[in-house]
Amino acid sequence: SDEDQRTYRSGVGMLLYLVNHSRPDIANAVRELSKVADGATKDHWKALLRVIKYVLSTENDVLKIKPSKKEGFYMEGTSDSDYEGDKDSRISVYGYILYFCGAPIAWKSKAGKSVTLSSTEAEYVASSEIAKEAIFVKNILDSMGIKINLPIHIRVDNVGAIYLANNYATSQRTKHIDIRAHFLREYIESGVLKVVFIRSEDNE
């Protein structure tokens, strides 16, 4: 009924509030729930209730903002992708988390705008997403007179994506990639960003 759909949207809205403020661990689940805001089925309701139950049972697992004591201000982040993660559209799903002095300040789980043709391309696009967030935060800090140590390290668990980020040459395999993803290369070239490798088991 319309009333049930309104209640479902309200539940998803409350979870979105938590995602935005203190619960990055449920970001991907809530992203999935929000896809059916106007046509939730019984299965969607069950999934919503499972997430709510999880949140209630882990209410004491709070997000701790505790900057590290390294010299100066610095930013770093990790990005990852689930190639063809959206089983309905075959679009890859991206996720990232950005840290300021060791404290998480921004995170997101989102579906891409188009289908990627390989896991390397998906990881490359994911790294460009966190790069946009990092540059945005850097610009805010610059306006406040806060200078951070450069380069900003972006950790990626795909060697091919790192190669793409560091090489301007195009090939038959990469010429189709959206130009919006390639801005990452300019910031690497200027020394603002550095994409580094991290093992998949450590990329959490």
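This is a dialogue about reading features in a predicted model of one protein.

Biologist: Before we start, what kind of model is this?

Modeller: It is a predicted model, where local features need pLDDT of at least 70, side-chain atom pairs count only at pLDDT 80 or more, and totals for chains, interfaces and linings use all residues. Residues are numbered from 1 along each chain as its sequence is written, and side-chain values use heavy atoms, with hydrogens and water left out.

Biologist: Thanks! How many helices and strands does the protein have?

Modeller: Helices (H or I, at least four residues) and strands (E, at least two) are DSSP runs, numbered from the N terminus. Here there are six helices and five strands, and along the sequence they follow the pattern α-α-α-β-β-β-α-β-α-α-β.

Biologist: And what share of the residues is buried?

Modeller: Buried means under 20% relative accessible area, exposed means over 50%, and partly exposed is in between (1.4 Å probe, protein chains only). Of the 204 residues in the protein, 41% are buried.

Biologist: Which residues touch the most other members of the largest nonpolar core?

Modeller: First the general idea: in soluble globular proteins, nonpolar side chains tend to be buried together. A nonpolar core is a set of buried Ala, Val, Leu, Ile, Met, Phe, Trp, Tyr and Cys residues joined through side-chain atoms within 4.5 Å. The largest one here has 28 residues, and Met75, Leu98, Ile152, Ile154, Leu184, Leu193 and Val195 touch the most other members. The elements giving two or more residues to this core are β1 (73-82), β2 (93-100), α4 (119-143), β4 (148-156), α5 (159-166), α6 (183-189) and β5 (193-197). Helix α4 supplies the largest share, seven residues. There is also a second, separate core of 16 residues, which includes Tyr8, Val19, Leu33 and Leu48.

Biologist: Let me zoom in on helix α4. What does Ser127 touch?

Modeller: A contact means heavy atoms within 4.5 Å. Ser127 lies in helix α4 and is buried, at 1% relative accessibility. Not counting residues up to four places away in sequence, Ser127 touches Ser79, Ile154, Val156 and Leu184. For the protein as a whole, among contacts between residues at least 6 apart in sequence, 68% join residues at least 24 apart.

Biologist: How many aromatic pairs does the structure hold?

Modeller: Rings of Phe, Tyr and Trp (its six-membered ring) pair if their centres lie within 6.5 Å; planes under 30 degrees apart count as stacked, over 60 as edge-to-face and the rest as tilted. The structure holds two such pairs. In one, the rings of Tyr8 and Trp45 have centres 5.8 Å apart and planes at 65°, so this pair is edge-to-face. Tyr8 is in helix α1 (residues 2-21) and Trp45 in helix α3 (residues 42-57), so the pair ties together parts that are 37 residues apart in sequence. Tyr8 is buried, with a relative accessible area of 0%, while Trp45 is partly exposed at 22%. The pair of Phe73 and Phe100 is stacked, at 5.7 Å centre to centre with 10° between the planes. Phe73 lies in strand β1 and Phe100 in strand β2, so this pair ties together parts 27 residues apart in sequence.

Biologist: Now for charges. How many salt bridges are found in the whole structure?

Modeller: Side chains of opposite charge can pair when their charged atoms come close. A salt bridge is a side-chain nitrogen of Lys or Arg within 4 Å of a carboxyl oxygen of Asp or Glu. A search of the whole structure finds eight. One of them joins Glu129 and Lys132, whose closest N and O atoms are 3.3 Å apart. These two residues are three apart in helix α4, so about one helical turn separates them. Glu129 is buried at 14%, whereas Lys132 is partly exposed at 41%.
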